[in-house]
Amino acid sequence: MGEGAGVLSILRRHRGPAHPGAHRVTQAKLFGERCPAASLSCFQTPQRVPYAEAVRQQFRTVQVGDTFGPTWETCWFKVELRVPPAWAGLEVHFIWESDGEAMVWRDAQPVQGLTKEGEKTSYILTSSLKETEPHSLTLYVELACNGLFGAGKGSMIAPPDPDKRFTLSKAELAVFNRDVYELLVDLEILLDMAQHLGEENQRSFQALYAANQMVNVCDVTDPATFPAARRLAAGIFSQKNGASQHTIHAMGHCHIDSAWLWPYEETIRKCARSWVTVVRLMERNPELTFVCSQAQQFEWVRCWYPGLYTQIQDYVTKGRFIPVGGTWVEMDGNLPSGESMVRQFLQGQRFFQQQFGRICSEFWLPDTFGYSAQLPQLMRGCGIRRFLTQKLCWNLVNPFPHHTFFWEGIDGSRVLAHFPPGDSYGMHGRVEEMLKTVKNNKDKGRVNHSAVLFGFGDGGGGPTQKMLDRMKRMSDTDGLPRVQFSTPDQLFSALEKESSQLCTWVGELFLELHNGTYTTQAQIKKGNRECERILHDAEVLSALALARGGNFQYPAVELQRLWRLLLLNQFHDVLPGSCIQLVVEDALRYYTEICKAGVQLQGEAVESLCGELLRSNRSNLESAESTLVLNTLPWDRTEVISRIGPTGAEILALVTAPSMGYAIAREPVLPPQLVSVTKREDGSVIMENGVLAACLDTMGRLTSLRLVHSDRESVPDGCPANQFALFDDIPLYWDAWDVMDYHLETRKPVTSLLKPLEITQRGGLRGSASFCLRIGERSTLTQEIILDAMSPYLRFLTQVEWKEAHKFLKVEFPVQVRSTNATYEIQFGHLQRPTHWNTSWDWARFEVWAQKWMDLSEHGFGVALLNDSKYGASAHRNVLSLSLLRAPKSPDATADIAQHQFTYAVMPHEGSFQDAGVIQCAYNLNFPLHVVPAGSAPCSAWSAFSVSSPAVVLETVKQAEDRAEAVVVRLYEAHGSTAVAWLQTSLPVREAMLCDLLERPAEGSCLPLEQRGLRLSFSPFQVLSVLLVLRQ
């Protein structure tokens, strides 16, 4: 094979230089003369204080080698520097090496982020020191006592080490030898080509021999030999590719988790450190483009770093700093409600339009744990037809079959999707990565373009100069893919031109990993669902108050503030629960704030809407003669309500409330049949209400659940439902994220009874019975099982004192139903998943997610499981399971160790779940009627909206974003059918028109106002928004 092949073999084994002299070249010094800082002093604080405040503090003298901390402290260093006059004409860098993340400040402005982990340890003071430049200067360095990935004790995802210390290793000036640097990058690329192109590739040998010659030519003690060595490298790099070569679209990228292993406040500084570094790179590299998502992060930098933000705006105008994504944050792709997902886009796109004069045309969600099948429609409704992620390369079982394809949602909407074939959003611009991008591409022959996103990510950092310089050498080099600095628009435009042969993926993009995130941190899940409800109701009531006239001011500014807090908490490491304790505390505090302010907004709207009814009873609420009942859902409801009477006792009443309106309940209303609750001699309890008949054993398990009318049994013989089960839950690594399939082998039914079932309410309008169980070693569960008059479902009000470690609690409902598919609610619709494990794709979905309900039906009969705050679920064969609580220990060692309260319900039904009203019942469970004491003033029931078709749900009523005299209503087809519905309203509507999800009216979108209302046509799962302009 010859001498070259032998050298190449040595290179392969050692990954080292091809020639003994190559070691000499790599030892050439990047930095020449050095000069220590003239003085170094420090101010330390537990707070993240702004520059202006920090520089006014008392600084103490410190030295290189000192340690600082503990974790989460901030150290401000004052660094006085004097540049030796002899360095005139030389490139001078300020070298800073320390643990932690640093920001250099100069002339009161942030100028450079520095982190060892992000391979940035120097700030360029000058490219060529001029005599006219100041030779003495003062810099400030703001050091965060945490790393790029927080401060995990022993491993990255371990809980933070509260006592970690951070060492300052270097603080000095140095002369940078640019010619040595360029030589080393040349050599690196050639050696990587020799190593990774393979022995069968001629270019591998050409690169190897060129490197060999460079070493021979180069004398590291004589810089005059460097140009000749570099010309040898240029000879290789200048040999061009053929026209058929694959084109890589390289874009700078810096994925910054809005919170994860660090709190929200630290993310603000991570954004500034990363983005100011990008700005410095753009000043020196006119070809660099950088893509950046998350409107929230732009808003943080706008507020906290206005000077930097102005520079960013300038580069956005030039098309180089490119906002992408269109959402407020990179949210979780499974758990937010449909309306929350709309608001992610609405807030994000409006922000980008207002700040930069354009909306985003790509949805950018590279690191989220799965993607709802409703997202394509929501993207299209928000002006987006392109989608980028890469997370499905993490699938544990089945490799996803495409990198570029059309993704089709449940309504038929399609978007062009691209997964960078290098399976990363944080590449470093290496030869190996470019070759992997081409080799790994699963759509070869269909498309010849793909993306490479380069830059340190997750904890920030972003691109480096070396990454850029590597790829500049690969722009069009024979044997390597063609690498061009590009933009998302250029990439997707190229893919669209090649899209005629692309495949289509229909339905959800399910990540076969991280399915523990549907359950981890139950209090965050509950806070999310509660706040979604509170903001929904606040908007409905405020919109109705606005439309009724008077002096009511719609609280648009406050609602936007609250929505943005909720959207922030839907970030893909917060709502899923895969974050540290500090983040959980922040999230719960935000939920509390939303709840408190949202309830106040509801009260103000009700006061405006129904003020006369309330004022007539203002003097004595406790002796109120009547009850005002408000319904924020779009159908009439007859339900049992409770309120506190004059003596402090609970008073029950059966009331009827009109669709999206209110009524006064005065006279007691009796149901067709009262609830009866009886206890048998064996301790079991029978509950009946004329709709359902349930039999419960002493442990609260359902041994029978019948539909009274048909006498159809729901529970199989010998397989009681409402059976709690505890599983061992020890993932391979990602503790808060993963639940592994092998946990199913450890199932232990919960059978330790602390207090047997006892009747707590004997019937009438409501019957109930309660019991208490011990769970595991130290936890307890208390449950009240409740049946209301006329209710089609049985409720389970559950309280758990949870103190477990690495355990998983579920509740199981074996049902007398046979079906190969179960149905799960998703955003604005539902989908089916198999109940069998025929294939690896089926088996990999052993734990899935749902919104408010899941259902297992055969022809003519089914059973639904409803919930008010849970997301994890499964249906295997005939067993419906709801995932209740987990107990991971990292990254939050205290995850879920708390008191929990939640409600779920079981609903057997005849016919399909659509015809039985399962969807409406799940809404009713999640959106209780509002009950307010009222006086004796006469009042007719009033309904603002109703919809003629039970297949269509009116989800949202809000003031229009840009028209104070208009409201927007959002409806969707929920059954999976083609439907025509009449939207009736009592509001004074002057004009109606269809609009998109950004509330932009479409061309020719006016709707005729007819006597029956507005006629709306829906295809299956279609979401429609209507702009209603009100008469003044």
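**Group meeting talk: a walk through the model**

Hi everyone, let me start with E119, which is partly exposed, with a relative accessible area of 46%. Please keep in mind throughout that this is a predicted model.

E119 is found in the loop between β8 (109-114) and β9 (122-126). What makes me stop there is its backbone: E119 is not a glycine, and yet its phi is positive, about 55 degrees. As background, most residues other than glycine have a negative phi, and most peptide bonds are trans. D711 is another non-glycine residue with a positive phi, here about 60 degrees. Look for D711 in the loop between β29 (702-707) and β30 (712-713). With a relative accessible area of 48%, D711 is partly exposed.

While we are on the backbone, let me show you two cis peptide bonds. One runs from G69 to P70, with omega near 5 degrees. P70 sits in the loop between β4 (67-68) and β5 (74-82). Another runs from S890 to P891, with omega near 10 degrees. That proline, P891, is in the loop between β44 (879-885) and β45 (898-910).

Now, on to charges. How many salt bridges does the structure hold? There are 59. I have picked out a few for today.

Take R269 and E142: they form a salt bridge whose closest N and O atoms are 2.9 Å apart. This pair links distant parts of the chain, as R269 belongs to helix α7 (residues 264-284) and E142 to strand β10 (residues 136-144), 127 residues apart. And are these two buried or exposed? R269 is buried, and E142 is buried too. They also belong to a network of salt bridges that links R48, E101, E142, E265, E266, R269, K270 and R273.

Next comes D728 with K807, a salt bridge with its closest N and O atoms 2.5 Å apart. D728 lies in strand β31 and K807 in strand β37 (residues 807-814), so this pair ties together parts that are 79 residues apart in sequence. D728 counts as partly exposed, because its relative accessibility is 25%. K807, at 22%, counts as partly exposed as well.

E847 is in the loop between α18 (840-843) and β40 (848-849), and the two partners are 37 residues apart. Why does E847 count as buried? Its relative accessible area is 0%, and buried means under 20%. K810 is buried too, with a relative accessible area of 2%.

Let me turn to helix packing. Two packed helices are described by the angle between their axes and the distance between the axes. For helix α4 (residues 178-196) and helix α12 (residues 431-440), the angle is about 40 degrees and the axes are 9 Å apart. That makes α4 oblique to α12. Which residues make the contact? From α4 they are I189, D192, M193 and H196, and from α12 they are V431, E432 and L435.

Staying with α12, its buried residues are V431, E433, M434, L435 and T437. Helix α4 is among the elements that cover them, and the cover also includes β12 (247-253), β19 (449-454), α13 (465-472) and β20 (482-485).

A941 is found in the loop between β46 (930-934) and β47 (942-943). With a relative accessible area of 56%, A941 is exposed. Even so, A941 has contacts beyond its neighbours within four places in sequence: P658, Y662 and A663. Its C-alpha atom is also 6.9 Å from that of I664, a residue 277 places away along the chain.

And finally, the surface. M156, L732, Y733 and Y742 make a nonpolar patch of about 400 Å². L732 comes from the loop between β31 (723-728) and β32 (748-749). L732 counts as exposed because its relative accessibility is 67%.

Notes:
Residues numbered from 1 in each chain as written. Predicted model: local features only at pLDDT ≥ 70, side-chain atom pairs only at ≥ 80, totals over all residues. Heavy atoms only, no water. Patch = residues over 30% accessible without salt bridge, like charges linked within 9 Å, V, L, I, M, F, W, Y side chains within 5 Å. Areas by Shrake-Rupley, 256 points an atom, 1.4 Å probe, with all protein chains shown as cover. Salt bridge = Lys/Arg side-chain N within 4 Å of Asp/Glu carboxyl O. Helix = DSSP H or I, 4+ residues; strand = E, 2+ residues; numbered from the N terminus. Buried < 20%, exposed > 50% of the residue type's maximum accessible area, 1.4 Å probe, protein only. Axes fitted to C-alpha atoms, helices over the stretch in contact; angles between N-to-C directions. Parallel < 35°, antiparallel > 145°, perpendicular 65-115°, else oblique. Contact = heavy atoms within 4.5 Å.
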